[in-house]
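Keep the sequence and the 3D view open while reading.

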Amino acid sequence: MARTIAKDHDQKRKQILKTAAKVFADQGFDRASMTLLAKECGISKANIYHYYDSKDAILYDILETYLRELRDRICNVDLNGLTSEQKLRKAVREILFAYQGADDEHRVQISGMSALTEEQQKLLRGYQLELVNFVREILKELAPSAFNDDKDKLRGTTMSVFGMLNWYYMWNSGAGPKAREDYADLVSTLTVHGIQKL
């Protein structure tokens with residue numbers, strides 16, 4: 001007889017992913033073991049295998065869930081009726097708020113992606129690309145004459161915005177809503193005025 005799925009199955013999977021993200025971020029993916037992951041999750045090794053058959057599967061699920069939800073949250077922000085600058089400010093603010101509480105997942109994204117298969121990496125990079133393209137189009141709309149079909153300049157500007165946002169957790173981990181809002185405004189102001197000088 002097949003084993004039935006517990007009512008709290010999804011909740012336990014989320015707990016495993018959150019705990020595993022911290023372990024991978026702190027210990028490194030290579031040094032983490034299923035035994036360690038089970039211990040940190042407060043469950044038996046046999047029990048963790050009920051949810052995931054390998055630490056590779058856990059790593060993929062951490063990143064697939066994180067990046068898909070990040071993409072969906074940002075790319076579905078309602079920008080109707082906003083000016084180009086307002087769109088940028090709203091998108092940047094939403095990205096910083098989406099990052100809140102996801103420092104471990106962010107670190108695992110940077111350090112662990114290469115441990116996945118090429119097919120898995122391609123899917124995850126697709127999520128990243130959609131997010132990058134979303135911001136790129138806002139920047140292009142904000143100052144079309146500044147880029148004048150210069151793809152390298154537009155790409156450099158887009159990645160500079162993400163550079164300012166992606167490293168926020170490194171020196172201001174645990175920042176609250178007000179600090180994130182203030183920093184989002186700073187990034188947006190620097191970007192808007194910087195583009196005007198291009």
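Lys55 is buried, with a relative accessible area of 17%. Buried here means under 20% relative accessible area, exposed means over 50%, and partly exposed lies in between (1.4 Å probe, protein chains only). This is a predicted model, in which local features need pLDDT of at least 70, side-chain atom pairs count only at pLDDT 80 or more, and totals for chains, interfaces and linings use all residues. Residues are numbered from 1 along each chain as its sequence is written, and side-chain values use heavy atoms, leaving out hydrogens and water.

**Around Lys55**

- Lys55 belongs to helix H4, residues 55-75. Helices (H or I, at least four residues) and strands (E, at least two) are DSSP runs, numbered from the N terminus.
- Lys55 lies over the face of Phe29, 4.5 Å from the ring centre. A charge sits over a ring if NZ of Lys or CZ of Arg is within 6 Å of the ring centre and within 35 degrees of the ring normal.
- Setting aside residues up to four places away in sequence, Lys55 touches Phe24, Phe29, Asp30, Ala32, Met34 and Leu37. Contact means heavy atoms within 4.5 Å.
- Met34 is 21 residues from Lys55 in sequence, and their C-alpha atoms are 6.2 Å apart in space.

- Which residues of H6 are buried? They are Asp103, Asp104, Glu105, His106, Val108, Gln109 and Gly112.
- That is 7 of the 10 residues of H6, so the helix is largely enclosed by the rest of the structure.
- These buried residues pack against helix H1 (9-27), H4, helix H5 (84-99), H7, H9 and H10.
- Asp104 lies in H6, which covers residues 103-112. Its relative accessibility is 17%, which counts as buried.
- Asp104 is in contact with Ala21, Lys22 and Ala25, leaving aside neighbours within four places in sequence.
- H4 and H6 pack at an angle of about 120°, and their axes are 10 Å apart. Axes are lines fitted to C-alpha atoms, for helices over the stretch in contact, and angles run from 0 to 180 degrees between N-to-C directions.
- The crossing of H4 and H6 is left-handed. A crossing is left-handed if the near helix is turned anticlockwise from the far one by less than a right angle, and right-handed if clockwise.
- H4 brings Leu59, Ile62, Leu63, Tyr66 and Leu67 to the contact, and H6 brings Glu105, His106, Val108, Gln109 and Gly112.
- By class, the contact of H4 with H6 has 6 nonpolar, 3 polar and 1 charged residues. Ala, Val, Leu, Ile, Met, Phe, Trp, Tyr, Cys and Pro count as nonpolar, Asp, Glu, Lys and Arg as charged, and the others, Gly among them, as polar.

**Helices H7 and H9**

- Helix H7 (residues 118-142) packs with helix H9 (residues 151-166) at about 115°, with axes 9 Å apart. The crossing is right-handed.
- From H7, the contact takes Leu131, Val132, Val135, Arg136, Leu139 and Lys140. From H9, it takes Leu154, Thr157, Thr158, Met159, Val161 and Phe162.
- The residues of this contact divide into 8 nonpolar, 2 polar and 2 charged.

- How many aromatic pairs does a search of the whole structure find? It finds 4. Rings of Phe, Tyr and Trp (its six-membered ring) pair if their centres lie within 6.5 Å; planes under 30 degrees apart count as stacked, over 60 as edge-to-face and the rest as tilted.
- One of the pairs is Tyr168 with Trp171, edge-to-face at 5.1 Å centre to centre and 75° between the planes.
- Tyr168 and Trp171 are 3 residues apart in helix H10 (residues 168-172), so about one helical turn separates them.
- Tyr168 is buried at 3% relative accessibility, whereas Trp171 is exposed at 55%.
- Trp171 also pairs with Tyr183: the ring centres are 5.6 Å apart and the planes lie at 80°, so this pair is edge-to-face.
- This second pair links distant parts of the chain, with Trp171 in H10 and Tyr183 in helix H11 (residues 177-196), 12 residues apart.
- Tyr183 counts as buried, at 13% relative accessibility.
- Beyond four places in sequence, Tyr168 is in contact with Leu96, Ser173, Ala175, Ala179, Arg180 and Tyr183.
- Tyr168 and Tyr99 are 69 residues apart along the chain, and their C-alpha atoms are separated by 9.2 Å.
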